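Let me put the model on the screen. I will go through some of its ring packing, and then through its sheet.

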Amino acid sequence: MDANTYSLKQVLNQERRYVIPTYQRDYEWTRDGQWELLFDDLEAVADRLFDARAHAMALGKSPAKADQRVIPHFLGAIVCDQLPAPAGGIDVRAVIDGQQRLTTLQVLLRGVLDVLIERGSPRVRQVRRLLRNPSDVVNEDYEEHKLWPRRRDRPFWPLAMGDELPSTSHHPYLQARRYFADRARAAITGVEGEDRADSMVDALTDLFKLVVIDLEDNDDAQVIFEVLNGRQTPLSAADLVKNLLFLRGELASEQELDKVYEAYWAPFDDEWWTKSVGRGHATRGRRDTLLSNWLTAVSGNEINVGHLYGEVRRHLNVGDQKTVQVLSELREYGEAYRALYGAEDPGSAALAVSYRRLDRLGISTAVPLLLWLRTVPRSRLSMLEHEAAVLAVESWVVRRIIIGANTRGYGKVFVEVLNAAKRVVDDPGQSIALTVVEALSREAGTLRWPSDGELAEAFVNRKMYDTLTQERIRLLLGAIDARLHQSNPKSEFAQFDYDVLQIEHVMPRSWREYWPLPKGDESAQMLRAQQRDQALHRIGNLTLVTSAFNKSVSNKSWSMKQPELIQHSMLYINKAFGSINVWDEDAIELRAHHLAGVAAEVWPTPAELGHLISGM
């Protein structure tokens, strides 16, 4: 970014338009809050300047040198973003931050100008140039204004800046103008009747300083804004993008932007969208998250969410879409996002289950692909194929979680899968779902799609408790139980909230006290104890129980615990305990194999999915 300190005259003398983003907040500065303090500061600087000049003249010295010794007054910073302008047109800057300050300074100048006009001052032309661009460089009437406020305030701005001051309007712009004119009228005429117009004008134009930060292409307006406003409510990337889109539409003379706003953007102002999601440093508003996923999906590139505004700006600069086209696309992705996170019916029970599981697992890198799939017309991607494509993502992810694979590189993988699917979308001879499966199955090494053998090995030998989160263990066991219910033709339909169930060790963790090993050879006992300790936290020894499960039998013998598990549970993963006479390491391993077999049905292999899709 380019940051420099300028006098107000240097900022406003240029042939330039400062445009306030269309849907920024209301003008909120008031007499008690800011106007009075601002003019007090101006009056103090003008008095110092007047006294310094008078002192210099009394000593026979140059007043100009006296000006240099007067300390200027710093007003703070404004942040501007370069906007496209017609060839040969006036330079245009969007005011990303500082719109309240810059607007008030314009109205202050107008109030001072009123008094100068009344007095017939020769400084009128100089001050007027800080409010208006020369007539020979403007093509439209509104372009003459140095500052152009947000859309809803524009009918008032020409009145606020014009020579005729309406007496009836109570708009804050006009109230501020009257206040500043009254204060200037009193200040310009000193207590001894001297004319202080020159010191007032020069203090305002030369000694009032602003830090102007001009963003460059690689700057992120969101980050800069938040640094400058660390104690205020941060402006989200969605707010910046919204302003950018509507400013682009205005500068391109697009019509009925108010109706476009109501039709396409207004839904994003609902409370559901303004809430934050994620954890820790990854917490972001849903609108920002949507923007990131939308941009990844439509661009086919991983997006740096920390620099979202800049990424969107670059994307829009490359394309040639109208505001309504971009917003229509965003709305479509917004509807897909709501379906993904349960705010709308996804249209399929299978999709709802997969979406919920992927959300529980926190696999956000897959979201751009999942959103894009929902934008593909049903005539091109049937519901069954859509379910298969999403199941492929779920299976790839869950199998990798089961074997303990790391998640590094997931963003790149899902972008590659997304781009592979997009390449075949216009070819009706190619299956989008099969393309997703094949793209995921092409990953090798640390990013491979685990086989049934790897799944079984992990179920039998991997420590799951205290390695996986309890939420993930509940998800695995709940999915397996749901599958057992579905596969039993005699089972009545039942829907359980597995998230509220508790994880129970069938063989208790305190087995040495309550489930002691039979006495025998000491070395054999030591080996058996090690095996039992290892088996204890494997998934074969874990199950789900309700909060009503009788905890008093949790550490009791198998003969006392077994009836409690099978008689007071409707879960199929617990009914199987009825046929087991002894619960030991061998029983744990046998159950692990059984659970692995069911898990392989819940999350099929690429070959099984390919066969399923081919038969559709």
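To count aromatic pairs, rings of Phe, Tyr and Trp (its six-membered ring) are taken as paired if their centres lie within 6.5 Å; planes under 30 degrees apart are stacked, over 60 edge-to-face, and the rest tilted. The structure holds 19 such pairs. One of them joins Trp 265 and Phe 268, edge-to-face, at 5.3 Å centre to centre with 65 degrees between the planes. This is a predicted model: local features need pLDDT of at least 70, side-chain atom pairs count only at pLDDT 80 or more, and totals for chains, interfaces and linings use all residues. Residues are numbered from 1 along each chain as its sequence is written, and side-chain values use heavy atoms, with hydrogens and water left out.

Trp 265 is buried, at 2% relative accessible area; buried means under 20%, exposed over 50%, partly exposed in between, with a 1.4 Å probe and protein chains only. Phe 268 is buried too, at 4%.

Which residues form one aromatic cluster? They are Trp 265, Phe 268, Trp 272, Trp 273, Tyr 337 and Tyr 341. Arg 286 lies over the face of Trp 272, 3.9 Å from the ring centre. The charged end of Arg 338 also sits over the Trp 272 ring, 4.9 Å from its centre. The test is NZ of Lys or CZ of Arg within 6 Å of the ring centre and within 35 degrees of the ring normal.

Now the sheet. Six strands form an open, mixed sheet in the order 1-6-3-4-2-5. Strands are DSSP runs of E, at least two residues, numbered from the N terminus, and two of them pair if DSSP finds at least two bridges between them. Strand 3 and strand 6 run parallel, joined by seven bridges.

Technical notes
Helices (H or I, at least four residues) and strands (E, at least two) are DSSP runs, numbered from the N terminus.
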